[in-house]
Every structure is written in C-alpha cells, then in structure tokens.
Amino acid sequence: VREIRVGLRSGRGSYTLRRAEGGWQFSGGTPADSLAVQRMLDQFRTLSAGGFPTPAQLDSVNLLRPDRRVTLLGGSGALVDLLFDSTAYWWSVKRSDRDDIYRLESWRVDQMMPADSTLKKKTN
C-alpha cells in the first residue's frame, strides 16, 4: 500500500496518508506513527463480515452518499475502495466495484478508520 485515503462525513473530516522514504506521512507532510498506520492496515488483512443485512435492512442503506469511505492505493491504482453507511448497531459496507453488502461491527470500523490524531507521530 502506497497511499491511504480516508473520508469521514458528519464533521470528522478526512485525511490522506502516503508512504515516503522515512515512513508514513499525512498529505501535508506531517509525520505519521508508522506502527499505528500498520495496525490500521492490519485490520484490512484480517477483515471478515459480521453478517449480511436483511432485505428490510437493505431498504435503508444509502451507499450513494456514504458516511465513511476508505481507499487503499498501490502502485497500479486502487487495491480496495470501501463505502460505509451507519445504522444504529452496525455498519453496512460494500466495495465500490462489487454489489454485495456486508455488515461490520462499529468497533471494527473505528479500528479501520481511526481519528487522524491517533495516527500522528508522537513527539517527546
């Protein structure tokens, strides 16, 4: 993964991370904590759905305007582009290039897209 783009609606903003020679950096050049970024990326390696929405639940899913979106980019383009829509207890998730919609628990989604403050390199 060379670049990570995270977009969060509802006031939380967005951020982009890029892998540079010295490690991960935010798009403005602010250094990121490479270990924290690695923990975030590990969530995608072991990702498994918590289930599938019922047909009735699917009626309320709106992924045309997702609450969250994360895109992992490699040298040849997008490796994965995920769209997220929140519900009261879980998230509906789909890859932008597929039709299947899955359910993920809220705690898992938060680990996949942490606040940018948790990814900034700590200074002593």
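**Loops, rings and core**

Tutor: Asp97 lies in the loop that connects S6 and S7, and since the model is a predicted one, what follows describes computed geometry.

Student: Is Asp97 buried or exposed?

Tutor: A residue counts as exposed when its relative accessible area is over 50%. For Asp97 in this predicted model the relative accessible area is 53%, so the residue is exposed.

Student: How far is Asp97 from Gly29, taking the C-alpha atoms?

Tutor: Gly29 belongs to the loop between S3 and H1, and at 37% relative accessibility the residue counts as partly exposed. Along the chain, Asp97 and Gly29 are 68 residues apart, and their C-alpha atoms are separated by 31 Å.

Student: What separates the C-alpha atoms of Gly29 and Phe52?

Tutor: Gly29 sits in the loop between S3 and H1, whereas Phe52 is in the loop between helix H1 (34–45) and helix H2 (55–58). The two residues are 23 residues apart along the chain, and the separation of their C-alpha atoms is 39 Å.

Student: Which residues does Arg95 contact, leaving aside its neighbours within four places in sequence?

Tutor: Arg95 is placed in strand S6 and, at 24% relative accessibility, counts as partly exposed. Its C-alpha atom is separated by 29 Å from that of Gly29, which is 66 residues away along the chain. Once the neighbours within four places in sequence are left aside, the residues in contact with Arg95 are Leu79, Val80, Asp81 and Leu82.

Student: Turning to the rings, how is the aromatic pair of Phe52 and Tyr102 classed?

Tutor: The structure contains three aromatic pairs. In the pair formed by Phe52 and Tyr102, the centres are 5.3 Å apart and the planes make an angle of 45°, which places the pair in the class called tilted.

Student: How many residues apart in sequence are the parts that this pair ties together?

Tutor: Phe52 is exposed, with a relative accessible area of 55%, while Tyr102 is partly exposed at 30%. Because Phe52 lies in the loop between H1 and H2 and Tyr102 lies in strand S7 (residues 102–105), the pair ties together parts whose distance in sequence is 50 residues.

Student: Why is the pair of Phe84 and Trp91 given its class, and what is that class?

Tutor: Planes over 60 degrees apart meet the edge-to-face criterion. The ring centres of Phe84 and Trp91 are 6.3 Å apart and their planes stand at 80°, so the pair is edge-to-face.

Student: Are Phe84 and Trp91 buried or exposed?

Tutor: The cut-off for a buried residue is a relative accessible area under 20%. Phe84 has a relative accessible area of 0%, and Trp91 has 10% relative accessibility, so both residues are buried.

Student: What lies over the face of Trp90, and at what distance from the ring centre?

Tutor: A charge may sit over a ring if the CZ atom of Arg is within 6 Å of the ring centre. Over the face of Trp90 lies Arg103, and the distance from the ring centre is 5.0 Å.

Student: Which element supplies the largest share of the largest nonpolar core?

Tutor: This core has 25 residues, of which Ile4, Leu17, Val70 and Phe84 touch the most other members. Elements that each supply at least two residues include strand S1 (3–8), strand S2 (13–20), strand S5 (77–86) and helix H3 (106–112). The largest share is five residues, and the element supplying them is H1.

Student: In what order do the elements of the protein run from the N terminus on?

Tutor: The protein has three helices and seven strands. From the N terminus on, their order is β-β-β-α-α-β-β-β-β-α.

Student: What is the radius of gyration of the protein, and why does it agree with a compact globule?

Tutor: The C-alpha trace spans about 50 × 30 × 25 Å along its principal axes, and 38% of the 124 residues count as buried. A compact globule with 124 residues would have a radius of gyration near 14 Å, which agrees with the value for this protein, 15 Å.

Methods
Residues are numbered from 1 along each chain as its sequence is written. This is a predicted model: local features need pLDDT of at least 70, side-chain atom pairs count only at pLDDT 80 or more; totals for chains, interfaces and linings use all residues. Side-chain values use heavy atoms; hydrogens and water are left out. Rings of Phe, Tyr and Trp (its six-membered ring) pair if their centres lie within 6.5 Å; planes under 30 degrees apart count as stacked, over 60 as edge-to-face and the rest as tilted. Helices (H or I, at least four residues) and strands (E, at least two) are DSSP runs, numbered from the N terminus. Buried means under 20% relative accessible area, exposed over 50%, partly exposed in between (1.4 Å probe, protein chains only). A charge sits over a ring if NZ of Lys or CZ of Arg is within 6 Å of the ring centre and within 35 degrees of the ring normal. A nonpolar core is a set of buried Ala, Val, Leu, Ile, Met, Phe, Trp, Tyr and Cys residues joined through side-chain atoms within 4.5 Å. The radius of gyration is taken over C-alpha atoms; the globule rule is 2.2 Å times the number of residues to the power 0.38. Contact means heavy atoms within 4.5 Å.
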